[in-house]
Amino acid sequence: MENAKQSPLGIYNAYLREGKLAYQFSPTSGKAVFYPRVICPDTGSENLEWRFSKGQGTVHATTVVHPQQGDPFNVALIDLTEGYRMMSRVEGIDPMAVKIGMRVTFRVYEQGGDEPPLPVFTPMGG
Amino acid sequence: MSIIQRGSAAIVGAAESDIGTVAADMSVLDLMAQGIVRALSDAGLSLADVDGIFCATTQARTSAMSMAEYLRKPDAYVDSTIVGGSSFEVHVAHAQAAIEAGLCSVAVIAYGSTQRSAGRKNASPREFNPYETPFRPFLPATAYAMAANRHMHEFGTTRENLAEVAVAARKWAQLNPLAFDRRPLDIAGVLNAKMVSYPLTVRDCCLVTDGGGAIVMVSAARAKNLQKPPVYVLGCGSAITHATISNMPDLTHTGAIASGACAYKAAGLAPEDIDMAQLYDAFSINTILFLEDLGFCQKGEGGAFVSAGRIAPGGAFPVNTNGGGLSYCHPGMYGLFLLIEAVGQIRGECGNRQVTKHDTAIVHGNGGVLSAQSTVILGGEGTI
């Protein structure tokens with residue numbers, strides 16, 4: 001067999017550079033798969049479709065990290081409407097104001113340099 | 001269906017190595033070796049008797065190989081399974097199976113860490129995860145903070161409930177001369193301490209110490225002829241539900257539900273038969289989650305359960321009687337110390353902090369970010 005041309009992470013980051021939040025869907029399990037993998041973790045199938053999230057989600061859990069230096073910042077787990085969960089942060093509001101159940105929207109945050117863009121979230125309608 | 005027989009193996013020796021802050025340049029292998037000879041001495045055995053080495057540490061990638069060299073044991077049966085802090089509870093299950101199968105007859109299970117002296121970043125560098133690391137979670141604290149956040153949201157658990165766990169641990173530590181932090185601590189002292197990852201303050205988080213130790217396991221038949229009363233392995237169970245917090249199936253229901261059920265079934269015991277619990281308290285929320293998941297109260301009632309000093313000295317149910325990872329010692333991976341304390345308590349050797357009823361103990365190890373759960377139920381001679 002030929003080696004894969006791109007890794008799951010490579011494909012994910014390439015889509016992020018186009019402003020798209022990609023995830024995989026497994027036809028054999030009927031479920032979304034995230035983080036991206038080479039096989040479906042439920043069935044072992046290599047048949048995974050890349051799909052794009054609408055970028056709408058809900059805060060599942062949230063915390064505010066107090067670093068030794070610098071301002072406190074938010075870290076959150078976001079449940080996407082397509083049925084998967086990811087770590088990210090909610091920006092644009094006081095980190096303590098981020099609450100479980102809050103509806104949020106995806107946007108791309110450019111880290112700059114050679115770093116890939118990051119998927120971050122802002123309060124929906126905010 | 002397990003082939004492992006209830007009580008087929010016993011812990012016959014247990015000891016801490018140097019703990020707290022150890023001498024400069026002491027290696028993790030030095031600490032493991034120190035723990036091993038002290039535990040062998042406790043059992044009335046010598047290094048010559050050892051033919052099984054079980055160990056794990058974040059500071060020696062091939063720790064079993066290194067210990068085989070250190071102890072000059074080329075023929076030893078070795079196992080350096082590492083699943084975080086619960087590795088040593090997993091080792092107990094593996095050692096019991098190995099002893100039953102005849103792969104070894106005297107097994108030592110050892111741990112060492114110089115996390116305090118070497119610095120946390122050097123002792124246990126975090127692996128880069130492209131789906132988490134860029135968001136700068138302060139791991140492991142941030143993961144446990146998120147579980148606490150969910151528990152508060154779903155069940156109304158309060159920061160005061162979490163603080164109660166830390167205060168109880170400190171009261172036990174005040175009865176333990178080896179405990180690292182024995183200063184007075186009250187609820188306000190926890191709540192007003194430096195915030196680490198909301199809702200957890202530094203007093204909701206485990207200590208960063210050096211330390212190590214070992215236990216010795218043999219067959220039940222051999223255990224009867226040694227110098228200390230055997231502490232029998234009545235049942236074990238493990239469950240690994242995830243490795244990263246973003247992949248934890250349910251932040252308020254841990255793999256302890258499955259690992260505990262497996263251990264209770266093997267032991268033929270239920271929560272009401274357990275005299276004490278030694279629960280891996282890397283963070284205050286852990287104790288609440290594990291009390292629920294191991295069946296000592298209903299899901300969501302852990303906050304109320306720990307209130308009013310119930311798990312503190314003099315309370316109805318003794319938990320973490322050495323002061324726990326929160327106040328006694330927490331050198332990176334804490335699981336071995338739970339076993340050492342349970343052995344001391346079951347034997348009745350714990351002095352000021354000795355609990356009155358001490359036939360049975362549940363030891364529950366936690367690894368990663370609530371990831372690798374491993375339960376061991378231990379019992380004294382009355383349980384066989």
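## Strand S9 of chain B

Start with S9(B), residues 276-279, in this predicted model. Met276(B) and Gln278(B) point one way, while Ala277(B) and Leu279(B) point the other way. Whichever way they point, the four residues of S9(B) are all buried.

What does S9(B) pair with? Its partner is S10(B), residues 360-367, and the two run in the parallel sense over four bridges. Within S10(B), Ala361(B) is the bridge partner of Met276(B).

## The sheet around it

Zoom out and S9(B) turns up in an open sheet of nine strands with mixed pairing. The order, all in chain B, is S3-S2-S4-S7-S1-S8-S11-S10-S9. Which strands stand at the edges? They are S3(B), residues 77-79, and S9(B); each has a single partner strand, so one side of each is left without a neighbour in the sheet. Going from one strand to the next, the twist averages 25 degrees.

Elsewhere in the sheet, S1(B), residues 9-16, pairs with S8(B) in the antiparallel sense, over two bridges. There, Ala10(B) stands opposite Tyr232(B) of S8(B).

## Helix H3 of chain B

H3(B) covers residues 87-101.

On the H3(B) side the contact uses Ser87(B), Phe88(B), Glu89(B) and Val92(B), and on the H14(B) side Gly335(B), Leu336(B) and Leu339(B). By class, that makes four nonpolar, two polar and one charged residues.

## Helix H10 of chain B

H10(B) has twelve residues, 256-267, and reaches 16 Å from its first C-alpha to its last, close to the 16 Å expected at 1.5 Å a residue. Its buried residues are Ala256(B), Ile257(B), Ser259(B), Gly260(B), Ala263(B), Tyr264(B), Ala266(B) and Ala267(B).

What covers the buried residues of H10(B)? The cover includes strands S8(B), S10(B) and S11(B), along with helix H11(B), residues 284-293. Just after H10(B), Gly268(B) takes a positive phi of about 65 degrees.

## Where chain B touches chain A

The contact between the chains takes 20 residues from chain B and 18 residues from chain A. On the chain B side, the elements giving two or more residues are helix H6(B), 141-155, and strand S5(B), 195-197. H6(B) gives the most, with six residues. Sorted by class, the chain B side has twelve nonpolar, five polar and three charged residues.

## The two domains of chain A

The domain assignment of chain A gives domain 1 (1-52) and domain 2 (54-126). Their C-alpha centres lie 22 Å apart. Nine residues of domain 1 are in contact with ten residues of domain 2.

On the domain 1 side of that contact, H1(A), 8-17, and S2(A), 31-33, are the elements that give two or more residues. H1(A) gives the most, with three residues. The residues on this side divide into five nonpolar, two polar and two charged.

Methods. Residues numbered from 1 in each chain as written. Chains lettered and ligands numbered in written order. Predicted model: local features only at pLDDT ≥ 70, side-chain atom pairs only at ≥ 80, totals over all residues. Buried ≥ 20, exposed ≤ 12 C-beta atoms within 10 Å, placed from the backbone. Pairing = 2+ DSSP bridges. Axes fitted to C-alpha atoms, helices over the stretch in contact; angles between N-to-C directions. Contact = placed C-beta atoms within 7 Å. Nonpolar A, V, L, I, M, F, W, Y, C, P; charged D, E, K, R; others polar. Expected span 1.5 Å × (residues − 1). Domains from an automatic or database assignment.
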